[in-house]
Amino acid sequence: MLEKKDFEYEKAILIGIVTKHQNEEKLNEFLDELEFLTYTAGGEVVKRFTQKMDMPNSKTFIGTGKMEEVQAYVEQHDIGTVVFDDELTPAQQRNIERILKSKIIDRTNLILDIFAQRAQTSYARTQVELAQYQYLLPRLTGMWTHLERQRGGIGMRGPGETEIETDRRIVRDRISLLKKKMLTIDKQMATQRGNRGQLVRVALVGYTNVGKSTLMNVIAKSDVFAENKLFATLDTTVRKVVIGNLPFLLSDTVGFIRKLPTQLVESFKSTLDEVREADLLLHVVDISHPQFEDHIASVNKILEEIASLDKPTIMVFNKIDAYSHATIEADDLTTVRTKAHYTLDEWRDTWMSKIGDNALFISAINKENMDEFRKRVYQEVREIHVTRFPYNNFLYPEFMEQEGEK
Ligand SMILES: Nc1nc2c(ncn2[C@@H]2O[C@H](COP(=O)(O)OP(=O)(O)OP(=O)(O)O)[C@@H](O)[C@H]2O)c(=O)[nH]1
Ligand SMILES: [Mg+2]
């Protein structure tokens, strides 16, 4: 029996290029992620087009021949959305739109779109709207030139220019209005954070979809929205957690992603303030993801941008239940052993061993190794707490297992 679909996915294709800086393997990884992003935004990817080139074509991004191939496919299969992995210039966007006569989106656009769909609170909506206008502003000229041409150009230049200016002014006004609104909210949030007293603050950080909210739900026994799509969490959730008898604040934050545009990082300033003001970071990693090392690097890059890389950090390698490695048959003499073949124990002996007891291996979903996790977090929070309040350290003894504790 066919299930009634309550959601119609848009048919989409992906386009990416192989360059000096990005080999085929890397490109495929990026396209996998782009496909997941497209799916999260409500699109179904039916085909990928890739091309090897030294430099993107300045007019149409990909070459003319490839573009014809894409055009034929788009027409035949009635494709409504074409997604590029890289940012397009306004001119490229316009040219491609004209050739393919479908919606042309790049990665930034897609992320903004998902953010817009998912923003729940007025605060998150303001952040997203600001980021969207900032993305739009440099692209306005292109949009209008397009219309001017349609109207014939000569004689239209005056009004056209005026329209661009009017439009830019409207967008600029809107941006400064939103910025003011954000400032007010920032102040309110700062006060709220201030009101939380002197409890130690712990923040869950990590790449998107690694299981931060799931882990939050397990430790805080809260009910934070978690699902297998990207950017399930946009608003920061803060919960008071008690391990042993030691209370602290735990916050769940927006996930990070590769190629995250700077203007987006900036508009999520307040969300990231939660990270900036944390005493301890729990950097959650999905160890079952083939590119988890890349993910760690992108997260660290963003942490560096917000001056939080040097905070005390515990690396939490999650989803050990889903971890699997490639194997080489005994009679296979050609396959070269790579990281993909590492067992979990072998991973532990890599650079991970250097972070010592600041590396934890858990499964949030199966609640595996949660005792070790609680114990380690307790130790670390206690350490911070007693440094800050040396007079009441007697309240918090070394960690003791307590049955049925919260
Ligand atoms: N196999 C497995 N899946 C997990 C585990 N923890 C979380 N997941 C799944 O991973 C997906 C993402 O989980 P979330 O908790 O929403 O991840 P997140 O890091 O909060 O994601 P964003 O809010 O989008 O940044 C969900 O489908 C979870 O069920 C785990 O330990 N093992
Ligand atoms: Mg989440």
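## Strand β7 and its partners

L204 has D252 in β7 as its bridge partner. The model is predicted: local features need pLDDT of at least 70, side-chain atom pairs count only at pLDDT 80 or more, and totals for chains, interfaces and linings use all residues. Residues are numbered from 1 along each chain as its sequence is written, while chains are lettered from A and ligands numbered from 1 in the order in which they are written.

Strand β5 (residues 201-206) pairs with β7 in the parallel sense, over four bridges. Strands are DSSP runs of E, at least two residues, and helices runs of H or I, at least four, numbered from the N terminus. Pairing requires at least two DSSP bridges between two strands. Strand β6 (residues 237-243) runs antiparallel to β7, joined by seven bridges. Here T237 stands opposite D252. Two residues lie between the strands of this β6 and β7 hairpin, where G244 takes a positive phi near 65 degrees.

## Burial and core

Five of the seven residues of β7 (residues 246-252) are buried, so this strand is largely enclosed by the rest of the structure. Buried means 20 or more other C-beta atoms within 10 Å of the residue's own, with C-beta atoms placed from the backbone.

The largest nonpolar core has 77 residues; V83, V202, L204, L250 and V316 touch the most other members. Such a core joins buried Ala, Val, Leu, Ile, Met, Phe, Trp, Tyr and Cys residues through C-beta atoms within 7 Å.

## Helices α4 and α5

T108, L112, F115 and A116 in α4 meet V128, A131, Q132 and Y135 in α5. Contact means C-beta atoms, placed from the backbone, within 7 Å.

Notes: Buried ≥ 20, exposed ≤ 12 C-beta atoms within 10 Å, placed from the backbone. Contact = placed C-beta atoms within 7 Å.
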